[in-house]
Every structure is written in C-alpha cells, then in structure tokens.
Amino acid sequence: MVESPLKSIEFERPDAAGGACVAHAWARVPETLTPDRRAALKARVKQLLAERNAVLVAHYYVDADLQDLAEETGGCVADSLEMARFGRDHPAHTLVVAGVRFMGETAKILSPEKRILMPDLDATCSLDLGCPADQFAAFCDAHPDRTVVVYANTSAAVKARADWMVTSSIGLDIVAHLHAQGKKILWAPDRHLGRYVQEKTGADMLLWQGACLVHDEFKGVELELLRREHPRAKILVHPESPASVVAQADVVGSTSQLIDAVRTLPATEFIVATDNGILHKMRAVASGKRLIEAPTAGNSATCKSCAHCPWMAMNGLENLIHVLETGDNEIQVDPRIGEQAYICIDRMLTFAAERKKTVRASGDLARDTALFSGVGPA
Ligand code: SF4
C-alpha cells in the first residue's frame, strides 16, 4: 500500500460561505419535537408525498421518523448503493433524498430527468469536503498509470474524474476484480476503508488521506475495555473505522451488512461501531437483542459513545415538509459533469447486478463471520 502525502482537512473550519463546518451543522439540527407534533408532521409528510407524486429515499443514519416514513410510504431506507438503485428505478418524478448531498447528486446523475429535493442542501460529508475536485484531479494527473476508484462519498466533479465508483458494500469486490486484471489503484477519499480493502485484496493502492469524522472517532483501546465488560458480545464495525477498531471486529461490513448480521447471527449482544442512527433499524429487525454503542472517546471526554453524523442529523420533519411544499432545495448537477460521472456509477451498478451477490447468515457464527468478512467492507 502506498499512501499519498495529502493530509486530511480540519472540519471545524467553515468554508467561504460558513456552511460546511461541524458547528454550523449542529446548529441547524432540528429540535426534538413532542410526540403530538411529530405525529402531525408525519401525517403532513404522507399527504404531501402523495399529492406531489414524490418518493422518500432515506439513509439508515437519518432521524428515525424519516426512516419510518420512507418505508410506510413506499420509499426506501437503505445504504447508499441501494438508495442509488432504488431512486433510479422508481417511477416517481420527484425523489426526496434524506441523507447527505452526495446522495442527492448521485440520484440526479442517475436520473437527470427527475426532480431531486433534499431537506437541507448544506448536509455534506467530511469525506466529500476533504477531497476537493481540483486537488484530486492534480493527484490523478500525477499518477496516470493507475485506475481511479472513488468512494460514493464524493462530489459529482470527483466522480467525473474516476474510472469506478464504489460503495462500502461493493468496494472490496470491485478492487479484487481490478487487482485480478493487474491494475494498480488510485483510491479516494477514505484512508481507513482504503487500507482495509488493500489488506483484504493485496492490491497496489495509492490512498488519498480522507476520513469520516464519525467513524474516525472510534477508539480501539476503549473498545477493548468495553469488550471485557461484555465478553459474549459480537463486535460489528463499519470499515471507515480506524485499523485498531476493525482488528477487533467479528463482522466488518456496510450498514446493510451490519443490520443483516444483527438480524441473523445467533448472538444476543452486539457492540456496534458505526453511526448510531443505524440502531433504529437494528432494533426493528432484532427487538430482543442488546445493542451497545462502541466508544468514541476515553474517560476524560464529555461524550463516551456519541457517534452521530451532524450532517445526517440536519434532516428533519419540518425541513422535509418545507421542501415538499415549496420545491426548494432542488439538487442541480452540471449536465456535462453529470454525464461524465454517470460512467463510473453505472459501471458499479452493472458490476453489482452481474454479481447479484446476496449475503445471508445461516446461524453458524464461525462460518457466517468468515462469510461477511470475505464479502467486503460495505
Ligand atoms: S457519517 Fe461520515 S461518511 Fe457518512 S455522511 Fe457523515 S461524515 Fe460522511
């Protein structure tokens, strides 16, 4: 594995418009609502979705009410790969994407004829922010012998420069496929996922040094201490986490794969190292099982286990209603960039369709763990 000299950026620093920093995101996270208010707003969302012929596509990390609404109204709650597929194939003319900006952009690139709305256009991602298109293009230009593979969590302009897009659920398969063809890889932007894929595949990979500010906070030493308190718990880890955390995992997987693991593995206790928005779905599919959040900080910190993405948290019922009522916050992608970016996304979707890979655990933990670990990081 070869690492690039690039450094990750400081996310407390606002962009020129003051819109990208973490503090700005937390300040815009909707307030907690009373049960009556939530019920009224949810009813209004259902009414508007029907009136506007719109469908709600939500990520597992967003507010639980939005996840429920997506499922109750014929939309979907999913990981980013499935969100992309679902939005592309659904006949609705208007998609409302409850997630972060790159997800809305991907939906627009795949379905340029559709109207893509998002509750808050400032909902971004540290991986996207840490990989500016101009710097990335220069990096690619400096390594023309490498196949460029980018994670979904990037801007349309970065995707336009890539040969392949991957999500965490299929990244390992695609890199293994390219490695088998003798290709050398330029990988961006998540350094932890890149390292994990490199270790699993043995591919020659040059890594951009980005990170997810949520998963980067999981602490290996603290996780080890927590495991001693819960010796029977199985450890579920998203591969955007540091190596010291991944090394302790029973299952390394994408959001969908981690949910599947909770549902199907015979253990009754799990320690979960990913954004805690996922716990809503995990509780729904495995109500009798105990879910413990992995530690994000040591004893001296004010917050022990608080892995939650500030940008995902910006999606709420009220701003969802606002965009449905007004049509505000429509995602726009330069058509020229969109056409170029489409190539690497479509390549991934075609690859996924050809593989038609389904991963289901059987109840044999040893075998299942090997199965999940072998399938990939996403
Ligand atoms: S959880 Fe991490 S990778 Fe996902 S959107 Fe937030 S910052 Fe980006």
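The model is predicted: local features need pLDDT of at least 70, side-chain atom pairs count only at pLDDT 80 or more, and totals for chains, interfaces and linings use all residues. Residues are numbered from 1 along each chain as its sequence is written.

**Exercise 1.** Describe how helix 9 packs on helix 10.

*Solution.* Start with the elements: helices (H or I, at least four residues) and strands (E, at least two) are DSSP runs, numbered from the N terminus. Axes here are lines fitted to C-alpha atoms, for helices over the stretch in contact, and angles run from 0 to 180 degrees between N-to-C directions.

Next, list the contact, where two residues count if their C-beta atoms, placed from the backbone, lie within 7 Å. Helix 9 supplies Gly171, Leu172, Val175, Ala176 and His179, while helix 10 supplies Leu193, Val197, Lys200 and Thr201. Sorted by class, the contact of helix 9 with helix 10 has five nonpolar, three polar and one charged residues (Ala, Val, Leu, Ile, Met, Phe, Trp, Tyr, Cys and Pro count as nonpolar, Asp, Glu, Lys and Arg as charged, and the others, Gly among them, as polar).

**Exercise 2.** Now try helix 4 and helix 5.

*Solution.* Helix 4 (residues 80–89) packs on helix 5 (residues 101–110) at an angle of about 35 degrees, and their axes are 9 Å apart. From helix 4, Ser80, Met83, Ala84, Gly87 and Arg88 meet Met103, Thr106, Ala107 and Leu110 of helix 5. This contact of helix 4 with helix 5 divides into five nonpolar, three polar and one charged residues.

**Exercise 3.** Which residues come nearest to the ligand?

*Solution.* Of the 13 residues around the ligand, the nearest are Cys125, Ser126, Cys212, Val214 and Cys309 (a residue is near if its C-beta atom, placed from the backbone, lies within 6 Å). The shell around the ligand has ten nonpolar, two polar and one charged residues.

**Exercise 4.** Find the backbone details at proline 189 and asparagine 53.

*Solution.* The peptide bond from alanine 188 to proline 189 is cis, with omega near -5 degrees. Proline 189 sits in the loop between strand 8 (185–188) and helix 10. Asparagine 53, although not a glycine, has a positive phi of about 50 degrees; look for asparagine 53 in the loop between helix 2 (35–51) and strand 2 (54–59).
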